[in-house]
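These notebook entries record what I looked up in one structure. I began with a helix and then followed one of its contacts to a strand.

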Amino acid sequence: MNRFGSIKLIPYGRKPLYIIDVVIHFMQRRAMAAVTDEISRKLAAGGRPVEWVVSARPVDYAAALAAMEARVDAIAAGRARERVWLLEHPPVYTAGTSARPEDLIAPHRFPIHRVGRGGRYTYHGPGQRVAYVMLDLKSRGGDVRAFVTALEEWLIATLAQFGVGAERRAGRVGVWVARPDKREGAEDKIAAIGIRLRRWVSFHGVSLNVAPELEHYSGIVPCGVSKHGLTSLADLGVAADMAEVDAALRGVFERLFGATELIRLEEPERAAAAARR
């Protein structure tokens, strides 16, 4: 028995839902589709497909950063296509341009990289899908705020495909999940956003917690937010593998930003060399 009466649980997606929840879910999905269409009208480009690169093995953070920056320079110079690069990193803490010393609790736990993206400290590691988004925003209308909104929508719509209702929160960067199972009003962060622009080309991007070791976040104050927790698909009981998450990310990305083309380029050194050509 629940507040809706004795409505039986029915299987839907990856977790059982009450019938009323299924109705609400579909209403939310329709509203989300309308938002996605509006964002797409602002940001979709009519040029060649965006290169879609997936690294099968964890990539050293410094090597990935060098490859990404080389690619951004090539895109800005008109010598290369836009690219989205999906990868994982070995455990690392990164400090954005707003990072504060007091947010680094365990300075000797993992390597620390100071980078030019916005934001404060965050963690990357195995089980977390990082997506570096290298798009020419000048050719996509030049609206940076719309671009950040699109990145949020990309994550929210992707998570919805796994039955996870994620949301934006005013004054807090990233994507959040309500956790009434913990306590009333509790919310956990499931995905982060941090970008930078160089000559109107974006780099850095987003990270989505699929099944990382959440305890690794304890060495920092993630994104400067100490009042809320962190979660992942696995922590929420969603048994999704990285390939399933990648497929969902690609499908939603194409609705928002346009067509992609899968490029098989595994090593960051090869990526950097290809970007310079």
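Entry 1. The model is predicted. I listed the buried residues of helix α4 and found M242, V245, D246, A248, L249, V252, F253, L256 and F257. Around the helix axis they cover an arc of only 165°, so they lie on the same side of α4. On the other side of α4, I found A243 and A247 exposed.

Entry 2. I then looked up the extent of α4. The helix runs over residues 242-257 and has 16 residues. From its first C-alpha to its last it reaches 22 Å, close to the 22 Å expected at 1.5 Å a residue.

Entry 3. I inspected both ends of α4. At its start, a side-chain oxygen of D241 comes to within 3.2 Å of the backbone nitrogen of A243. G258 follows the helix, and its phi is positive, near 110°.

Entry 4. What does the side chain of D246 join in a polar contact of 2.8 Å? I found that its partner is the side chain of R129. D246 is among the buried residues of α4, and R129 lies in strand β8, which spans residues 128-134.

Entry 5. Is R129 buried or exposed? Its relative accessible area is 3%; buried means under 20%, so R129 counts as buried.

Entry 6. I finally looked up what R129 touches, leaving aside residues up to four places away in sequence. Its contacts include M242, D246 and L249, which are also listed among the buried residues of α4. R129 also touches V54, L86, L87, E88, V206, S207, L208 and V210.

Methods:
Residues are numbered from 1 along each chain as its sequence is written. This is a predicted model: local features need pLDDT of at least 70, side-chain atom pairs count only at pLDDT 80 or more; totals for chains, interfaces and linings use all residues. Side-chain values use heavy atoms; hydrogens and water are left out. Helices (H or I, at least four residues) and strands (E, at least two) are DSSP runs, numbered from the N terminus. Buried means under 20% relative accessible area, exposed over 50%, partly exposed in between (1.4 Å probe, protein chains only). A polar contact is a pair of N or O atoms within 3.5 Å; within protein, one must be able to donate a hydrogen and the other to accept it, and residues adjacent in sequence count only if both atoms are side-chain atoms. Contact means heavy atoms within 4.5 Å. The expected span of a helix is 1.5 Å times one less than its number of residues. The arc is that of the directions from the helix axis to the C-beta atoms.
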